Amino acid sequence: MNKQDVVQSITGGQFEAAAANGTASAPANIALCKYWGKRNEEINLPVTSSLSVSLGHLGTTTTVEPVAGADEVILNGLPVPEDTTFARRLRAYLDLFRRDAKQGFKVITHNTIPTAAGLASSASGYAALALAMNELFGWDLDRRELSILARLGSGSASRSVYHGFVQWHAGSQDDGLDSFAELLPETWPDLRMGLVKISTMEKTVSSRDAMRETVAESVLYRSWPSQVERDLQIIRQAIAEQAFDTLGRAAENNALAMHATAIAAWPPTLFWWPESVKAMQKVWALRANGMPVYFTMDAGPNIKLLSDKQNVRAIQNEFPDVEWVAPFDESAR
Ligand code: DP6
């Protein structure tokens, strides 16, 4: 099955606009147990399941509108040049939804998070776009189907169709129709995520390329599926019991193990900057002094702190520029 077949089977190929445009928002998400490695690159089928928490008010809002002729993409108020990776990837996704080759789309997208800085903007971006397409074409799809459509744009986008704790089931079918995300019932009102921005520059290696090289070239990747199986269980239970230290330990260890597989690939990928390592060391020093704080990291130099509402102020002394997110604060959405 290719992407087009998946879209066809979900939407029935209904590409007649039901409204002048479609608008939707989706939150960014940070994985506590990472998606790292694909079993099918064409339709973004993962090797393992993964689990994330959505970032509340931080994410993407997108409006999509059919136009005659070439696509137009406006990102945060500025037109995106056609020859960028961003525009090429987006056009390939839009290709899945054209009535005919002459039909274009105007996509106006606004991120409240830095694009491509390891803060998961492709996740909220493709989720918002899939949701906006659903509005434009009046498909009335359910979240499971929307999660699959978002996944075709970017794997982690499958999880951004929900707020809260989200598990993306790897699935086992070749058509990927059993590979979608689901909302977990639990909430955790006092949980806080702190975004420590080391760099907001465009990253040099994409998660897509790094995970491909890791799967192909890293001996350590062989142990990744069993690590995930264990971590998913621990994290699910920690969420159910609201056991913060258990959650933090498993999430931090999972992130470091993911990075270890990438470092052990050839060519190696090290996403860390010296400032990233300094931030990790600060977290470890805080913990040695009894502060319950952990971190996770994606395919970029930025660090995301995990802590609890009551410790936010003390942690801020060490990380003055941290931006706190309350994932379960509905008033901030
Ligand atoms: C490290 O979803 O960006 O953030 O499916 O190729 O678009 P593609 O990859 P992407 O990978 C995200 C990897 C990660 C971990 C995670 O979010 O689970």
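Biologist: How far from an oxygen atom of the ligand does a polar side-chain atom of serine 156 lie?

Modeller: The model is a predicted one. In it, the distance from a polar side-chain atom of serine 156 to a ligand oxygen atom is 2.6 Å. Lysine 38 also places a polar side-chain atom 2.6 Å from an oxygen atom of the ligand. For serine 207, the corresponding distance to a ligand oxygen is 3.0 Å. Alone, the ligand would expose 460 Å², and the protein buries 94% of that.

Now the shell as a whole. The ligand is surrounded by 18 residues. Tyr35, Lys38, Ser154, Ser156 and Arg208 are the closest. By type, the shell splits into six nonpolar, six polar and six charged residues. Helix H5, residues 207-217, contributes the most to the shell, with three residues.

Next, the nonpolar interior. In soluble globular proteins, nonpolar side chains tend to be buried together. Here the largest nonpolar core has 83 residues. Within this core, Leu32 and Phe97 touch the most other members. Helix H3, residues 121-137, gives the most to this core, with 10 residues. There is also a second, separate core of 17 residues. Its members include Ala279, Met297, Ile303 and Phe319.

Leaving out residues up to four places away in sequence, leucine 32 touches Leu51, Ser52, Val53, Phe165 and Met193, among others. Its contacts also include Ile235, Leu247, Ala251, Asn254 and Leu306.

Two threonines deserve a stop. Threonine 62 sits in strand S4. Its relative accessibility is 1%, so threonine 62 counts as buried, the cut-off being under 20%. The side chains of threonine 62 and threonine 109 are joined by a polar contact of 2.8 Å. Beyond four places in sequence, threonine 62 touches a set of residues including Gly22, Thr23, Ala24, Val107 and Ile108. Thr109, Ala128, Leu129 and Ala132 are also among the residues it touches.

Threonine 48 lies in a loop, between strand S3 (45-46) and strand S4 (50-68). Threonine 48 is buried too, because its relative accessibility of 8% is under 20%. Not counting residues up to four places away in sequence, threonine 48 touches Lys34, Ala170, Trp224, Pro225 and Val228.

Last, some backbone details. The peptide bond from tryptophan 266 to proline 267 is cis, and its omega is near 0 degrees. Proline 267 belongs to the loop between helix H7 (244-263) and helix H8 (274-288).

Asparagine 76 is not a glycine, yet its phi is positive, at about 50 degrees. Find asparagine 76 in the loop between strand S5 (72-75) and strand S6 (78-79). With a relative accessible area of 35%, asparagine 76 is partly exposed.

Glutamine 242, not a glycine either, has a positive phi of about 50 degrees. The loop that holds glutamine 242 runs between helix H6 (224-241) and H7. Glutamine 242 counts as partly exposed, at 36% relative accessibility.

How values were computed:
Residues numbered from 1 in each chain as written. Predicted model: local features only at pLDDT ≥ 70, side-chain atom pairs only at ≥ 80, totals over all residues. Heavy atoms only, no water. Helix = DSSP H or I, 4+ residues; strand = E, 2+ residues; numbered from the N terminus. Buried < 20%, exposed > 50% of the residue type's maximum accessible area, 1.4 Å probe, protein only. Contact = heavy atoms within 4.5 Å. Near = heavy atom within 4 Å. Polar contact = N/O pair within 3.5 Å; in protein donor to acceptor, adjacent residues only side chain to side chain. Areas by Shrake-Rupley, 256 points an atom, 1.4 Å probe, with all protein chains shown as cover. Nonpolar A, V, L, I, M, F, W, Y, C, P; charged D, E, K, R; others polar. Core = buried A, V, L, I, M, F, W, Y, C linked by side-chain atoms within 4.5 Å.
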